[in-house]
Amino acid sequence: MSDDFDPKTFLTRAPESHHSTRLGIGYRAHGRDWCELSLPYDPDLAADAESGVLSSGPIISLMDMAAGCAVFIRSGPKKPHATLDLRVDYLRPSKIGQEVIGRAECYRVTRRIAFVRGTAHDGDPDDPVAHIAGTFMYTDVD
């Protein structure tokens with residue numbers, strides 16, 4: 001784990017105009033190669049006002065941010081990266097009114113690519129809303 005990157009500080013210092021700030025994404029916890037963030041329920045983020053079910057976009061953003069933070073935790077902030085691929089498999093809609101929690105792990109790093117996996121859930125990690133698998137490309141490689 002790189003001691004140079006603190007996801008909590010990163011998220012709390014993000015400007016008001018930052019995508020994660022606008023969505024309300026917040027820090028929950030992290031370890032040597034993982035990060036857990038939260039997306040509070042907001043009816044304005046619903047796919048359909050009648051149903052109240054969250055759109056997929058905010059959940060994708062939550063998971064992309066958690067995965068990107070996991071890569072920074074593992075590699076350090078001096079290793080800039082970009083999302084190369086992020087596959088999201090939705091298993092069910094999130095529960096209306098519930099916060100969605102996203103946890104991503106950076107499980108392998110090569111010279112050019114970081115590999116991540118994770119889940120999103122709305123209270124029970126054993127009943128996920130979605131699974132993700134992704135790759136991030138380091139942008140500073142010679």
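## Overall fold

In this predicted model, 64% of the contacts between residues at least 6 apart in sequence join residues that are at least 24 apart. The protein contains 3 helices and 6 strands, and these follow one another along the sequence in the pattern α-α-β-β-α-β-β-β-β. The radius of gyration is 15 Å, close to the 14 Å that the globule rule gives for 142 residues, so the protein is as compact as a globular protein of that length. Taken along the principal axes, the box filled by the C-alpha atoms is roughly 50 × 30 × 25 Å, and 42% of the 142 residues count as buried.

## The sheet

The 6 strands form an open sheet with antiparallel pairing, in the order β1-β2-β4-β5-β6-β3. At its edges lie β1 (26-30) and β3 (81-90), each of which pairs on one side only. On average, and with direction ignored, neighbouring strands of the sheet are turned by 20 degrees against each other. Strand β1 and strand β2 (residues 34-39) are joined in the antiparallel sense over 4 bridges, and Tyr27 has Leu37 in β2 as its bridge partner.

## The helix across the sheet

Helix α3 (residues 56-75) lies across β1, β2, β3, β4 (100-109), β5 (113-121) and β6 (130-138), and runs at about 40 degrees to β4. At 1.5 Å a residue, its 20 residues should span 28 Å, which agrees with the 28 Å between its end C-alpha atoms. Because 14 of these 20 residues are buried, α3 is largely enclosed by the rest of the structure. Just after the helix, Gly76 takes a positive phi of about 100 degrees.

How many disulfides does a search of the whole structure find? The search finds 0. The closest cysteine sulfur to that of Cys35 belongs to Cys69 and is 4.5 Å away, which is too far for a bond, since a disulfide needs the two sulfur atoms within 2.5 Å. Cys69 is likewise in no disulfide, with the sulfur of Cys35 as its nearest cysteine sulfur. The table gives the accessibility of both residues.

| Residue | Relative accessibility | Class |
|---|---|---|
| Cys35 | 0% | buried |
| Cys69 | 1% | buried |

Both values fall under the 20% relative accessible area below which a residue counts as buried.

Notes: Residues numbered from 1 in each chain as written. Predicted model: local features only at pLDDT ≥ 70, side-chain atom pairs only at ≥ 80, totals over all residues. Heavy atoms only, no water. Pairing = 2+ DSSP bridges. Helix = DSSP H or I, 4+ residues; strand = E, 2+ residues; numbered from the N terminus. Axes fitted to C-alpha atoms, helices over the stretch in contact; angles between N-to-C directions. Contact = heavy atoms within 4.5 Å. Expected span 1.5 Å × (residues − 1). Buried < 20%, exposed > 50% of the residue type's maximum accessible area, 1.4 Å probe, protein only. Rg over C-alpha atoms; globule rule 2.2 N^0.38 Å.
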